[in-house]
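Hi everyone, thanks for coming. Please have the sequence and the 3D view open, and we'll walk through them together.

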Amino acid sequence: MNHSRGLIAAAVIGAMAVAGCGDTETTETAAPSETSATPAPAAESTTSTPELSDGVLTVEAVDYAFKNLPESVPEGTEIKLTNTAKEEIHEMVAFKLPDDETRSADEIVAGADPAGPPPGEFQGVLVAEPGEDGFAPTGPMVLTEPGRYLFLCSVPTGADPAEVIKIGQEGGQASEAEGGPPHLVHGMYGAVTVE
């Protein structure tokens, strides 16, 4: 198992299985390398001021980053996902990091133990097909506790959206779909602090 696939297996244990996908509801980056096994640093995808509407933050999934992901949000913020990519399906898996975790998102993703536990406590997953608003198979993603949260996308590059949805509906994980390296290898991850 290579580093990136192992990280995904460790990071999203049960995310799509727990989720079981239901109905589905740009900043361009360079073309990803199909052979990359070391995660690229997360794309510049954060903003200093969150754009909240009635306590909801809508994060935009692009190939391969989360746009409008601020450095911090208030406690109780609900996260929604919209996918403006034309071909790639994206997910946003959330983990609450332990209070004593001080590494950056780049360090956490790069240093993850492929056989180790997830990086934190699973909080939920959002899935969005190309050009669609996302759906929340595990229920709404509301960040109710103060602390840091890591978000990542484990969908393999070039995966067929229908295959990803089917795998989720059958209790599998998005990372099991056929394709290249997972999107997080190209920098599709980030962290937010809930205050």
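Let me start with a question: which residue in β10 is the bridge partner of V73? It is V194.

Before going on, a word on what we are looking at. This is a predicted model, in which local features need pLDDT of at least 70 and side-chain atom pairs count only at pLDDT 80 or more, while totals for chains, interfaces and linings use all residues. Residues are numbered from 1 along each chain as its sequence is written, and side-chain values use heavy atoms, with hydrogens and water left out.

Helices (H or I, at least four residues) and strands (E, at least two) are DSSP runs, numbered from the N terminus. Two strands pair if DSSP finds at least two bridges between them.

Now back to V73 and its sheet. β4 and strand β10, residues 189–194, pair in the parallel sense over two bridges. They belong to an open sheet of five strands, in the order β4-β10-β9-β6-β7, with mixed pairing. At the edges sit β4 (72–73) and β7, each pairing on one side only.

Let's move to strand β5, residues 77–83. Five of its seven residues are buried, so to speak mostly covered; buried means under 20% relative accessible area, exposed over 50%, and partly exposed in between, using a 1.4 Å probe and protein chains only. With β8, β5 pairs in the antiparallel sense over three bridges, and T77 stands opposite L143.

What about the nonpolar core? That term means a set of buried Ala, Val, Leu, Ile, Met, Phe, Trp, Tyr and Cys residues joined through side-chain atoms within 4.5 Å. The largest one has 43 residues, and V59, F66, I79, L81, M92, L143 and F151 touch the most other members. Take I79: leaving aside residues up to four places away in sequence, I79 touches L57, V59, M92, L126, M141 and L143, where contact means heavy atoms within 4.5 Å. In soluble globular proteins, nonpolar side chains tend to be buried together.

Next, the aromatic rings. Rings of Phe, Tyr and Trp (its six-membered ring) pair if their centres lie within 6.5 Å; planes under 30 degrees apart count as stacked, over 60 as edge-to-face and the rest as tilted. How many aromatic pairs does this rule give? The count is one. The ring centres of F95 and F122 are 6.1 Å apart and their planes are at 65 degrees, so the pair is edge-to-face. It links distant parts of the chain, with F95 in strand β6 (residues 90–96) and F122 in strand β7 (residues 121–128), 27 residues apart. F95 is buried, at a relative accessible area of 1%, whereas F122 is partly exposed, at 25%.

Last stop: helix α4, residues 161–169. Buried here are P161, V164, I165, I167 and G168. Seen down the axis of α4, these buried residues fall within an arc of 160 degrees, so they line one face of the helix; the arc is that of the directions from the helix axis to the C-beta atoms. After α4 comes G171, whose phi is positive, near 90 degrees.
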